[in-house]
Amino acid sequence: MISVSEALALIKTHTSQLPKVEIPLRDSYGCFLVEEQVAPISSPSFRQSAMDGYAFRCGEIYELEVIGECKAGDALEFDLQDNQAVRIFTGARVPDQADTVIMQEHVEVNGEKISIQKMPEKTTNVRAIGEQVQVGEQLLPAGTKITESIIGFLAGFGISEVLVFNKPKITLIVTGNELQEAGSPLKPGCIYESNAIMLESALKSRGFDSVQILKVADDLEATKKSVAQGLEADVLLISGGISVGDYDFVNEALQANGVQEIFYKVNQKPGKPLWFGKKGGKLVFALPGNPASSLTCFLIYALSALKIMSGNPDVDLNFQTGVLKHRTFNKFGKTLFILGTEKNGEVEIYPKQASSMLISYALGNALVLIPENLEVLEAGETVQFLAVNRN
Ligand code: AMP
Ligand code: MG
C-alpha cells in the first residue's frame, strides 16, 4: 500500500493544467492568469485633481482670479496666467499650465476671486501621470489568482478579457442503495445522504462551480452508465462503492469504461480505500463513502489535482504547525488525519474520531496529520495541521 506522500506525488505526476482560454474579465473570478499582465496605459493617464478646489501655478501670488471651470470628464485648455486659477473638481484633468490644486476649504471666495491663506507645496492634490503604474510596467505576474480587487484593478486599465487556465468541470457520482434524501422520515435501514451536498459545497466554495451530481444505486449496469456519463467532465469524483463488498461496483464500472488505475488504497486513516485513475487527461477519484473519509480524501487529494488543473501555482498542502495539548496515540501504523481545534498555536484533539462520523470535522478547525511511524506523541510535541472550517 502506498503512503500519503507517494499518493500525492502520483497525483501530481498524472495531472496537467487544462487548456488556456481567453474569457471576459467579468467571468474570470477565481481563475489563474496564464501570463503576466502589462499596463496598456499609464494610470492615471493624465494629471488628475485629487480634490474639489482650484488649479493654479504655485508661487508668491495669494489673490487669484478664477477664469473658468473644469469638471470630471472635461478636456479643456486654459491660457492660465500666474495670477489666475481654474475651478476644478475631483477626477478632472488639471490644465497643462497649472501645477497645484488647492482644496476649496482652504481658500476664501470673493466673487470671481479667491484668496489663499497658506500656499500649499507645488503639485499638492495633483495625481501624476503613471503615479499608480506606468504604461508597459507589469500589473500582475503570471499565476495570479483573480479576485474582486484584481478584477477592479484590471478593469481600470480598460482590460476586458483575460487569458486564464480553464476551470475543471466536475461530475460527482454518489452510490448507495441505503441513501435517502432529506425531507421525509428515514425508511428502515436507510441513512440520509450527506456526501453529495458536502462535496458540492467544498467544490463551489473554492470556485469550482461547474458540478454535476448523479445518484446511482448499487447496481453494476447503472454504475457503468453513470461513469460513462461522468467521464464527459474533466474530473469524476465518486462517493462510495469502492470497497470490496459484494455490492461495491465502482472498480468494475471504472475498468469497463477504460479508466486506468493509478493507485488503489493509501496507508491512512480515514480514507484508506481511495482509488485514483485517469482516462486520457480526465481524472477519476473514487472516494470511500464514509463521510469523514470522503471529505479527507477530497481535501488532501482531489483538491490538489483540481488546483493543478486550474493553473494554481500554490498546489502544495498548506500545513501549519501547532503544539499538542495532550498525549495522542497512533496504534495503526498509518498516517492519521484527526480533527481538533487549534487556538493560539495549541492543538486539542477531539475524542470522537471515526470515518463514519462528521461531528469532529463539524466542530474542529484543524485537520491534524499524525505520521504513520509515530505510535505516541506527547503533550507539547509539534504537529502539522491543515486549517479547516475557517475563512
Ligand atoms: P461504501 O464506501 O459505499 O462502502 O460506504 C461506506 C459507508 O459510508 C457506509 O456506511 C455507507 O452507508 C456510508 N455512505 C456511503 N455513501 C454515503 C453518503 N453519500 N452519505 C452518507 N453516508 C454514506
Ligand atoms: Mg456503498
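This is a predicted model: local features need pLDDT of at least 70, side-chain atom pairs count only at pLDDT 80 or more; totals for chains, interfaces and linings use all residues.

Author: Let's start with Glu342, which sits in strand β24, residues 335-343. Residues are numbered from 1 along each chain as its sequence is written, with chains lettered from A and ligands numbered from 1 in the order in which they are written.

Glu342 has a relative accessible area of 15%, so it counts as buried (under 20%; over 50% is exposed, in between is partly exposed, with a 1.4 Å probe and protein chains only). Asn344 lies in the loop between β24 and β25 (346-349). With a relative accessible area of 77%, Asn344 is exposed. Asn344 also has a positive phi of about 50 degrees, though it isn't a glycine.

Now follow Glu342 across to Ala387: they are 45 residues apart along the chain, but their C-alpha atoms are separated by 8.7 Å. Ala387 takes us to the largest pocket, as it is one of the lining residues nearest the pocket's centre, along with Ser205, Arg206, Leu299 and Leu303. A pocket is an open set of points on a 1 Å grid over the protein atoms alone, where a 1.4 Å probe fits and protein lies on both sides within 12 Å along at least five of seven lines; lining residues have an atom within 4 Å of a point. This pocket has a volume of about 1100 Å³, meaning the space filled by probe spheres set on the points, which are joined across faces, edges and corners.

What makes up the lining? There are 37 residues in it. At least two come from each of α3 (195-204), α6 (291-309), α7 (359-363) and β28 (382-387), and α6 gives the most, with five.

While you're here, have a look at ligand 1. Of the 16 residues around it, Glu178, Glu193, Ser194, Gly241 and Gly289 come nearest ("around" means a heavy atom within 4 Å). A polar side-chain atom of Glu193 lies 2.7 Å from a nitrogen atom of ligand 1, and a backbone N or O atom of Gly241 is 2.9 Å from one of the ligand's oxygen atoms. Asn195 has a polar backbone atom 3.5 Å from a ligand nitrogen.

Strand β17 (residues 235-239) pairs with β21 in the parallel sense over five bridges, with Val235 opposite Leu283. Pairing takes at least two DSSP bridges between the strands. Strand β20 (residues 275-279) runs antiparallel to β21, also joined by five bridges, and there Phe276 stands opposite Phe285. Two residues separate the strands of that hairpin, where Gly280 takes a positive phi near 60 degrees.

Definitions and conventions
Side-chain values use heavy atoms; hydrogens and water are left out. Helices (H or I, at least four residues) and strands (E, at least two) are DSSP runs, numbered from the N terminus. A polar contact is a pair of N or O atoms within 3.5 Å; within protein, one must be able to donate a hydrogen and the other to accept it, and residues adjacent in sequence count only if both atoms are side-chain atoms.
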